[in-house]
Amino acid sequence: MEDNNLPTRRGFMIAACASFAAAYGTFAAFMARFLYPAETAVGNWTYVSTVARIPQDDALVFRTPGGAIVNIARSLDQPERLMALSSTCPHLGCQVHWEGHNQRFFCPCHNGIFDPTGKAIAGPPADAGQSLLQYPLKEDGGLLFIDVPNEELAMGQGEILDAPSPAACKLPQVPRVRSSTASSRVSV
Amino acid sequence: MIGSWLQERLPIQLDELKELTNEPVPNHLKRWWFALGGTPAYLFVIQIITGLLLAVYYRPSAESAYESVRYITESATFGWYLRGVHRWAATLMVAAVILHQMRVYFTGAYRKPRELNWMVGMCMLICTLTLGFTGYSLVYEQLSYWGATVGANIAGGVPVVGDFIRRLMLGGDAYNVNTLPRFFVIHAAVLPMTMIFLIVVHIGIIRLQGVTEYEFEDDKDDGPEEKAKTFNFFPDHLLTELSLGLSLMVLLSFLATVFPPLLGPPADPLTTPEVIKPEWFFYVAFRWLKLFSGTAAILSMGFVVFVMFTWPFIDASIRKRTRFTEASVWIGIFGVLAIVGLTIWEAVVAH
């Protein structure tokens with residue numbers, strides 16, 4: 001005797017395909033979400049140090065929780081004015097070096113050149129109008145905070161990487177940025 | 001006795017097996033440069049074996065990766081040799097893939113009906129280069145760190161999806177604690193599995209379509225009896241491949257012993273070295289990135305890769321619609337000269 005409650009062949013196939021698509025689609029979405037890192041929270045004020053710790057003639061190197069390296073220093077003409085300049089080249093992410101004799105920042109990866117205020121003046125960053133990033137700073141009761149992207153599980157807490165040293169570069173009228181002494185040639 | 005026991009459990013007919021493995025091979029394959037396709041396959045097997053052994057000691061984290069590579073190189077018994085073979089086999093594999101692709105290109109072996117296999121080959125080229133890139137990222141020396149940073153930011157420069165890919169690669173906004181394990185998984189699991197799949201498809205298509213047949217002057221009939229146009233895969237061609245495999249093992253051992261891979265300075269996220277160069281096979285891209293702004297360089301490189309992928313169809317269109325039937329040869333010569341020129345340029349200058 002024929003059972004009228006049995007689904008049709010077409011109905012069964014549609015239900016089966018839809019079930020598989022839903023089950024494995026959800027599985028795939030969970031996998032993709034697992035692989036994709038946590039979203040960056042933009043605009044978190046992060047504590048850096050006391051304002052008094054920022055020296056007159058040198059830079060304080062700070063690593064943000066997102067992993068970016070920031071140089072914080074005072075302007076020579078206005079010592080109370082603080083600036084935070086990224087030392088990451090906006091082209092492809094290498095670290096720029098200060099070249100004292102040329103009064104410029106130089107990126108060794110693809111020959112990007114920036115003036116002392118971080119403005120690109122030659123190389124691929126200048127072609128694309130990319131300058132070194134400046135981060136907002138604020139003082140609150142003698143404490144210094146920086147507005148940087150924050151990210152869970154990135155590099156942990158923000159931290160001061162390099163205490164100021166007398167041998168730092170001499171920049172005119174602008175914040176001092178850590179000068180690299182690296183001269184090693186990396187080859188394979 | 002054992003034969004019949006096995007026959008019952010593995011009902012394989014030896015005659016069928018012989019026929020399957022003994023396909024006649026065209027005469028032109030006696031030339032060594034037609035064996036360049038088998039060379040990277042052989043080297044890939046070497047890479048799997050040496051890679052598995054290196055993974056026994058390698059620790060994929062920013063804190064321990066460099067030290068574990070140092071241990072492999074300086075302390076583990078024959079570690080220096082296995083790392084050397086892995087490194088040199090990678091270099092030779094890239095070179096062999098490029099030479100094989102050039103041979104296929106200049107002999108027009110990508111033309112109808114072999115367009116799809118050319119595209120599979122292009123996927124294998126990209127896989128090979130990505131294996132090289134992720135491989136040297138694992139050492140966690142300065143080149144590893146900055147190479148990974150630049151590579152991820154190149155991906156980030158792709159319009160629309162770039163930022164998504166960059167964050168997926170790095171596991172965050174910048175190089176962080178999640179990055180190295182990702183590169184290790186990609187290098188040691190994802191890419192090798194992809195490569196095995198592509199090799200099976202590549203060889204499968206070759207077997208289905210047969211090898212392109214060429215006839216060179218000295219293959220042509222020059223005597224009273226016409227020469228056979230094919231020879232046996234077994235044992236003739238197998239002997240060629242075995243000779244090649246033996247030569248490669250000797251060469252790899254020589255290179256690993258005389259020119260062992262060294263360890264550069266450990267990764268320093270604060271300092272990009274004054275002079276930094278990627279592996280030789282990325283010199284052309286590295287120089288290109290110095291010549292143009294980021295987006296222009298990335299888009300133009302993407303365009304070149306797209307043209308290479310679809311070349312069989314572009315070539316067919318040129319041959320059909322114009323009288324420049326051999327345009328591919330001149331375009332190929334120009335392309336090779338441009339790549340060699342940019343590579344030499346990058347090799348001889350500091351910046």
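1. In this predicted model, helix H5 (residues 79–106) of chain B and helix H14 (residues 327–348) of chain B have axes that come within 10 Å and cross at roughly 155°. Since angles over 145 degrees count as roughly antiparallel, H5(B) and H14(B) are therefore roughly antiparallel to each other.

2. On the side of H5(B), the contact is made by Met102(B), Tyr105(B) and Phe106(B), while H14(B) contributes Ser328(B), Val329(B), Ile331(B), Gly332(B), Ile333(B) and Val336(B). The residues of this contact between H5(B) and H14(B) divide into 7 nonpolar and 2 polar, with no charged residue among them.

3. Helix H8 (residues 162–170) of chain B has Gly162(B), Arg166(B), Arg167(B), Met169(B) and Leu170(B) as buried residues. Viewed down the axis of H8(B), these buried residues fall within an arc of 160°, so they line one face of the helix. Their cover includes helix H6 (115–137), helix H7 (142–156) and helix H9 (179–209) of chain B. After H8(B) comes Gly171(B), which has a positive phi, near 70°.

4. Turning to chain A, strand E2 (residues 59–63) has 5 of its 5 residues buried, so it is largely enclosed by the rest of the structure. Ala59(A), Val61(A) and Arg63(A) point one way from E2(A), whereas Leu60(A) and Phe62(A) point the other way, and all are buried.

5. The pairing of E2(A) with strand E3 (residues 69–74) of chain A is antiparallel and runs over 5 bridges; within E3(A), Val70(A) is the bridge partner of Phe62(A).

Notes:
Residues numbered from 1 in each chain as written. Chains lettered and ligands numbered in written order. Predicted model: local features only at pLDDT ≥ 70, side-chain atom pairs only at ≥ 80, totals over all residues. Heavy atoms only, no water. Buried < 20%, exposed > 50% of the residue type's maximum accessible area, 1.4 Å probe, protein only. Helix = DSSP H or I, 4+ residues; strand = E, 2+ residues; numbered from the N terminus. Arc of directions from axis to C-beta. Contact = heavy atoms within 4.5 Å. Pairing = 2+ DSSP bridges. Axes fitted to C-alpha atoms, helices over the stretch in contact; angles between N-to-C directions. Parallel < 35°, antiparallel > 145°, perpendicular 65-115°, else oblique. Nonpolar A, V, L, I, M, F, W, Y, C, P; charged D, E, K, R; others polar.
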